[in-house]
Amino acid sequence: MYAAFRSVGSYVPKNVMTNEDLEKIVETSDEWITKRTGIKTRYIADKDESTSDMGVEAAKVALERAGIEPSQLDMIVCATISPDYFCMPSTACMIAKKLGVANIPAFDISAACSGFIYALAMARSFVESKTAKNVLIIGAEKLSAIVDYTDRTTCVLFGDGAGAAIIGATENENEAIIDVNISSDGNYYDYLITPGCGTNRPCSGETLKEHACFMKMKGNETFKVAVKTLTNDVVEILKNNNIESSQIDHFIPHQANYRILNAVAQALKLKDEQLVITVGKYGNTSSASIPMAMNDLYEEGRLKAGDLMLLDAFGGGFTWGSALVPFAPRKTS
Ligand SMILES: CC(C)(COP(=O)(O)OP(=O)(O)OC[C@H]1O[C@@H](n2cnc3c(N)ncnc32)[C@H](O)[C@@H]1OP(=O)(O)O)[C@@H](O)C(=O)NCCC(=O)NCCS
């Protein structure tokens with residue numbers, strides 16, 4: 001049995017936040033943000049809109065495009081660092097409830113911006129081992145709830161949104177996900193961190209006063225490791241599978257910073273048309289960024305059956321991952 005990437009869907013919240021809006025909140029400028037990151041806008045969820053609300057909307061699109069009902073799902077895996085609830089219940093359980101599905105495994109993965117590729121690795125394993133036939137994977141984030149809007153070094157970077165995909169069983173080897181590689185190095189745990197309100201430093205007046213429940217990042221140091229790791233990771237997965245970068249139809253990296261994506265694409269000698277970039281529009285949406293970018297490609301009519309996608313992600317932990325995935329929709333029209 002092989003695992004096929006059947007469909008993709010996404011959800012973008014309706015409230016746009018521009019660089020000019022941020023200029024009114026912190027000491028920054030459109031020029032600085034654009035030059036350093038390529039980001040122009042990001043979208044922000046409503047106050048009463050949760051991560052699972054966004055995840056479920058993305059999931060409905062992916063389900064419809066895969067031509068399956070929620071009742072046909074065998075498993076739901078949600079990657080998120082901004083879950084609806086601290087500790088429990090999982091956001092995947094909330095999504096299952098909202099889809100009207102029960103009595104199947106549903107769980108979250110915490111792998112920061114690499115979460116979607118970790119979820120893909122899980123889904124692929126469960127399908128190939130014949131434990132599941134249809135797995136819904138989701139990357140969903142309400143990062144605006146864990147971003148410190150008094151910290152200009154992070155608040156300009158992140159946005160909200162969700163992406164989803166259906167991974168289904170197939171006996172057709174041509175449809176099979178070719179390879180997924182995931183890894184981590186916890187020695188870098190404090191480069192990207194929410195230092196407070198976990199069990200290490202439980203929520204208290206002090207942690208709240210210090211804004212310790214918000215994301216902190218050593219941006220410059222993270223940037224350097226990100227470029228190196230993202231490049232090495234894709235070079236390795238291509239080499240291991242005897243695939244040349246020229247054979248890739250779409251390189252869809254995690255959308256953190258335009259300069260990082262460009263550096264990796266140049267190292268791989270990719271043409272502009274191979275590189276998918278949405279960071280300018282959505283900012284960094286962590287685990288949601290890859291499926292959101294893929295969804296835009298699909299909706300633009302540029303992602304066709306049989307196209308070979310190279311996915312590449314890097315994030316807090318540090319975690320990273322890459323995947324070689326042919327797009328294998330059931331419906332080819
Ligand atoms: C965050 C990032 C855009 C910052 O760019 P940078 O070129 O590294 O900038 P630095 O952090 O060195 O800061 C340069 C200066 O700009 C200032 N600055 C930081 N944020 C600013 C902002 N929003 N507006 C204006 N100035 C800002 C800094 O205070 C610093 O000023 P100083 O030189 O007077 O001390 C970049 O480091 C980055 O993208 N990092 C990696 C993000 C990433 O990949 N995350 C991992 C995956 S999620």
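Which residues does I137 touch, if we set aside those up to four places away in sequence? This is a predicted model, and in it I137 touches V77, A119, L120, A123, A164, A165 and I167.

Let me place that residue in its wider setting. The largest nonpolar core has 107 residues, and I137 is among the members that touch the most others, together with A62, V77, A123 and I138. Helix α5, residues 115-128, gives the most to this core, with 10 residues. In soluble globular proteins, nonpolar side chains tend to be buried together.

I turn now to strand β7, which spans residues 161-170. Of its 10 residues, 9 are buried, so that the strand is mostly covered. Strand β6, residues 134-141, runs antiparallel to β7, and 8 bridges join the two. Within β7, G161 is the bridge partner of E141. Strand β1, residues 2-11, also pairs with β7 in the antiparallel sense, over 9 bridges. Here A165 of β7 stands opposite V8; A165 is also one of the residues that I137 touches.

Finally, the ligand. It is surrounded by 20 residues, of which the closest are T28, G219, F223, A256 and N257. This shell divides into 9 nonpolar, 9 polar and 2 charged residues. At least two residues each come from α2 (30-37), α6 (152-155), α8 (219-240) and β12 (308-315). Helix α8 gives the most to the shell, with 5 residues.

Thank you for your attention.

Technical notes: Residues are numbered from 1 along each chain as its sequence is written. This is a predicted model: local features need pLDDT of at least 70, side-chain atom pairs count only at pLDDT 80 or more; totals for chains, interfaces and linings use all residues. A residue is buried if 20 or more other C-beta atoms lie within 10 Å of its own, exposed if 12 or fewer, and partly exposed in between; C-beta atoms are placed from the backbone. Helices (H or I, at least four residues) and strands (E, at least two) are DSSP runs, numbered from the N terminus. Two strands pair if DSSP finds at least two bridges between them. A nonpolar core is a set of buried Ala, Val, Leu, Ile, Met, Phe, Trp, Tyr and Cys residues joined through C-beta atoms within 7 Å. Two residues are in contact if their C-beta atoms, placed from the backbone, lie within 7 Å. A residue is near a molecule or strand if its C-beta atom, placed from the backbone, lies within 6 Å of it. Ala, Val, Leu, Ile, Met, Phe, Trp, Tyr, Cys and Pro count as nonpolar, Asp, Glu, Lys and Arg as charged, and the others, Gly among them, as polar.
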